[in-house]
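Happy to go through this one with you. Let's set each label against its cut-off and see what follows.

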Amino acid sequence: MNHQRLNHSAIFRGENWLLNFDALKEGCSHKFSTLYDTLVREGGNEYDLDRARTAIFYLRSILERHLLTGADKVCVEIGCGIGTKAFAINDLFGQYFGIDTQADQIKIAETRSKSLNITNTTFIHANAVEALRSQEAYGLPEQLDVLLLY
């Protein structure tokens, strides 16, 4: 049996990890100042603020380095809660959908989306398995590029 050594660097950094580090850093800094200030102003708790920091400085760069982003890409987040991660990375995609089973969480996410003037993000109150099995019934496009469970 022939075994190949796993390239950990490619998995964690992405094949394009040096693609444009300055642009990645600038995008993260801008997103952080915009989103973080809004969350603080709206009374975001430490948990929400930590989620925003992690999504902006970690998740964004992983998605970009692995070339999973673009105006032609659709992302679906399972368990989106109040949308903190969505607001940190939605601009990396043409369309972003957040799905959660908690109606009160979806309502908060929708309110925050309006206050942040976000237009490419839709929040869906549903069981994710049902929504993914019946994409058209829940307003999801047929082609999904990124499925996020984080």
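Predicted model: local features only at pLDDT ≥ 70, side-chain atom pairs only at ≥ 80, totals over all residues.

Q: What makes the rings of Phe87 and Phe123 a pair, and of which kind?
A: Rings of Phe, Tyr and Trp (its six-membered ring) pair if their centres lie within 6.5 Å; planes under 30 degrees apart count as stacked, over 60 as edge-to-face and the rest as tilted. By this rule there are 2 aromatic pairs. In the one formed by Phe87 and Phe123, the centres are 5.8 Å apart and the planes stand at 70°, so it is edge-to-face. Phe87 belongs to helix α4 and Phe123 to strand β3, so the pair ties together parts that are 36 residues apart in sequence. Helices (H or I, at least four residues) and strands (E, at least two) are DSSP runs, numbered from the N terminus.

Q: Why are the rings of Phe93 and Tyr96 called a tilted pair?
A: Their centres are 6.1 Å apart and their planes are at 50°, so the pair is tilted. Phe93 counts as buried at 4% relative accessibility, and Tyr96 is buried too, at 0%.

Q: What makes the link between the side chains of Asn90 and Asn120 a polar contact?
A: The term needs a pair of N or O atoms within 3.5 Å; within protein, one must be able to donate a hydrogen and the other to accept it, and residues adjacent in sequence count only if both atoms are side-chain atoms. The polar contact joining these two side chains is 2.7 Å. Asn90 sits in the loop between α4 (84-89) and β2 (93-100) and is buried, at 4%.

Q: How do you know whether Leu67 and Asn117 are exposed or partly exposed?
A: Leu67, at 47% relative accessibility, counts as partly exposed, while Asn117, at 66%, counts as exposed. Leu67 has a positive phi of about 55° although it is not a glycine.

Technical notes
Residues numbered from 1 in each chain as written. Heavy atoms only, no water. Buried < 20%, exposed > 50% of the residue type's maximum accessible area, 1.4 Å probe, protein only.
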